[in-house]
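Here's a friendly walk through one protein model. Have a look at it first, then read on.

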Amino acid sequence: MAITYRDAKVISNEEISKDIYKLVVEDNSEIIAGQFFMLKLNGVTFLPRPISICEKSGNKLTFLYAVVGDGTKEFTKLKVKDEIALTGPLGNGFDLEKDYNKIALVSGGIGTAPMLEVAKKLREKNQKQIIDLYVGFRDDIYLIDELKEYVNEVHISTNTGKHGQKGFVTEILKPEDYDTVLCCGPEVMMKKVIDMCKEKEVNIYVSMEKHMACGVGACLVCTCKTKGGNKRTCKDGPIFDGYYVEL
């Protein structure tokens, strides 16, 4: 399967927290909240990286990425007017046409990134809907000010206790207070949230994160287990019903 990349001009690329960068590029794609792009540097041998959409505003496409290896470290060298190769949007995104009623957005670390576009689109659809955010970080926090514009309440936990309540985000979440939970973050956290939602019979949708090589379902690197067998996170996801996936 041929995968076509296009060049996008960098508008900004700045560190917003320790090893967390906000990359804004020019792109006119029509996107769905929860989708992702594959990004790679021209002339560099590193594999492309799947990066979720943080926000889309006009021709500005925003990504957050964590510096976790040599590939993402190379991303930090991008300067204004440089170009980065990308393909997308990819994946299915959240179905925001559903009537979710009272919603909890639950995220951990860099998994908070896609929640901005999700919260924005939910708020555009219904100004009166209850949308609360539960977010966990190790130490420093980011993206909270941007999210506050679209949610009713923000509940924060940090491992160190530097911000919000000390501990894990699952310790401050009460899923029974909500009709639907939308979740993105570390797999161990999402498994706990799924189990909590199942116990209280609350709807739960998760954004799965897996290592990817192609992003279009050809290489089968990113398979995840579901009640229907192995599925491709990039093509069949990354959004899955929490009652369907097996973590």
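## Before we start

In what follows, UniProt positions are given in the numbering used here, feature names are shortened, and annotations may be inferred rather than shown by experiment. Residues count from 1 along each chain as its sequence is written, and side-chain values use heavy atoms, leaving out hydrogens and water. This is a predicted model, where local features need pLDDT of at least 70 and side-chain atom pairs count only at pLDDT 80 or more, while totals for chains, interfaces and linings use all residues.

## The annotated binding site

The unreviewed UniProt entry puts a "binding site" at Arg49, Pro50, Ile51, Ser52, Gly71 and Thr72.

Let's zoom in on Arg49, which sits in strand β4 (residues 49-57). Helices (H or I, at least four residues) and strands (E, at least two) are DSSP runs, numbered from the N terminus. Is Arg49 buried, exposed or partly exposed? With a relative accessible area of 24%, Arg49 is partly exposed, since buried means under 20%, exposed over 50%, and partly exposed in between (1.4 Å probe, protein chains only). Pro50, also in β4, is partly exposed too, at 29%. Skipping neighbours within four places in sequence, Arg49 is in contact (heavy atoms within 4.5 Å) with Phe37, Met38, Leu39, Gly71, Thr72 and Phe75.

Now for helix α4, which has 14 residues (187-200).

In α4, the residues Met189, Met190, Val193, Ile194, Met196 and Cys197 are buried. They cover an arc of only 165 degrees around the axis, so they are on the same side of α4; the arc is that of the directions from the helix axis to the C-beta atoms. Why does that work? An α-helix has 3.6 residues a turn, so residues three or four places apart point the same way. Over on the other side of α4, Val188 and Glu199 are exposed. What covers the buried residues of α4 includes β7 (103-108), β11 (180-184) and β12 (203-207).

## The nonpolar core

A nonpolar core is a set of buried Ala, Val, Leu, Ile, Met, Phe, Trp, Tyr and Cys residues joined through side-chain atoms within 4.5 Å. Which members of the largest one, with its 31 residues, touch the most other members? They are Leu105, Val118, Leu122 and Leu182. At least two residues of this core come from each of β5 (60-66), β7, α2 (115-125), β8 (131-137), α3 (144-148) and β11, and α2 gives the most, with five.

Most residues other than glycine have a negative phi, and most peptide bonds are trans. Lys81, in the loop between α1 (70-75) and β6, has a positive phi near 80 degrees; Lys81 is also exposed, at 66%. Glu201, in the loop between α4 and β12, has a positive phi near 60 degrees and is exposed at 70%.

Finally, Gly88 and Pro89 are joined by a cis peptide bond, with omega about 5 degrees. Pro89 belongs to strand β6 (residues 83-90).

Conventions
The expected span of a helix is 1.5 Å times one less than its number of residues.
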